[in-house]
Amino acid sequence: MCRSCAAPTGPNDLPAGTGHPLPGLSRRGLLAGLGLGALTVGLSAGAASAAGASPVREAEAGAEAGVAAAVAAARNGAWAGPAQGRFPAGGHYGAPRGGGSHAGQDVSNSTGTAVYAAAAGTVIRRSWGGGLPGRTGNGLVISHGGGQYTYYGHLSAYRVGLNATVSAGQRIADMGATGNVTGPHLHFETHTGALGTTVNPVSFLAARGVDLAGGWSRIDPGASGATVVVIQHLMNQRGYGLVVDGAYGSVSADAVKRFQRSKGLVADGQVGPATWPVLVYTLRQGGSGSHVRALQTALNRRSAGLVVDGGFGSVTTSAVRAYQSVNRLVVDGEAGPVTWRALTG
């Protein structure tokens, strides 16, 4: 884990816990991650005063409603997991680091493990420590617009240049152990409002449907993009006849709800940890169909560069094996649940 990587000021949330699919996730964490805490509570309290109700109770109710609405809107497929690995002991956000607090979450794996852009944006820093105080090692900073930034530290190699435009899930670097560290890992930070203002990356990404610990993603109706294309292809393999347009609108959402009911699941339209495992297929060379198109689309989101033709031939097999290798999965060329979970996370 990092020996340094300290934020100059205190963290904005509690350290991540363990044992839960989304560790450290709380209402406070969601509010901070979404950048809505003060605004939501302030508006709710003002409305309560005007109505003569208890400002505290009304503020809490308003905050809960605001979180629910904001979280649903945020799980829109625009974010992706930056790396596969494990959370090392002491590598959580807010852990003590000399005169400051650990500014991110560490994800440990071996040197050379792929590192991906967490969202679309522009590379604005590509230097030692990313040009941020208290950080060491090769680092990248990506600006995502709207005052949101991500930082990737201790890299062994860069795969994008300064000022490059990147997409969510694109490979941008390799994990390493450069700088003041005890072993190879990715030091990942999320900044909101301004570069240098960190929030807990675990809750920040969880609010956007991504489990930084490596679990299945959560995609809500209203989402768009490559992961929605994956869902639509998988649904079509099951006979739903959707237009594959990357827009998770009412038609696609209604089809997913019908599928969920047919499998005895909660029919909420969210493609998450309960739905993904029964929606995906175990695929290997020789297969063909819409489910292979889904796999090829998911691999392309991770920089594979395949032709999406629905045929699982030798080229697709090589892409699966290459993806498994750089993410330290079992390299067998077979797209099973573990590979799908990593691809769609």
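## Arg 284 and its partner

Arg 284 is partly exposed in this predicted model, with a relative accessible area of 47%. Its side chain meets that of Glu 334 in a salt bridge, 2.8 Å from N to O. This pair links distant parts of the chain, 50 residues apart: Arg 284 sits in the loop between helix H7 (276-279) and helix H8 (290-301), while Glu 334 sits in the loop between helix H9 (314-326) and helix H10 (337-344). Glu 334 counts as partly exposed too, at 26% relative accessibility.

Searching the whole structure turns up four salt bridges. Let's look at Asp 174, whose side chain forms a salt bridge with that of Arg 159 at 2.7 Å, N to O. Arg 159 belongs to the loop between strand E8 (148-158) and strand E9 (165-166), and Asp 174 to strand E10 (residues 171-175), so their pairing ties together parts that are 15 residues apart in sequence.

Asp 174 also has a salt bridge with Arg 171, with 2.8 Å between the closest N and O atoms. Asp 174 and Arg 171 are both buried, whereas Arg 159 is partly exposed, at 47% relative accessible area.

Asp 220 does have a polar contact of 3.0 Å, side chain to side chain, with Gln 270.

Notes
Residues numbered from 1 in each chain as written. Predicted model: local features only at pLDDT ≥ 70, side-chain atom pairs only at ≥ 80, totals over all residues. Heavy atoms only, no water. Polar contact = N/O pair within 3.5 Å; in protein donor to acceptor, adjacent residues only side chain to side chain. Helix = DSSP H or I, 4+ residues; strand = E, 2+ residues; numbered from the N terminus. Buried < 20%, exposed > 50% of the residue type's maximum accessible area, 1.4 Å probe, protein only.
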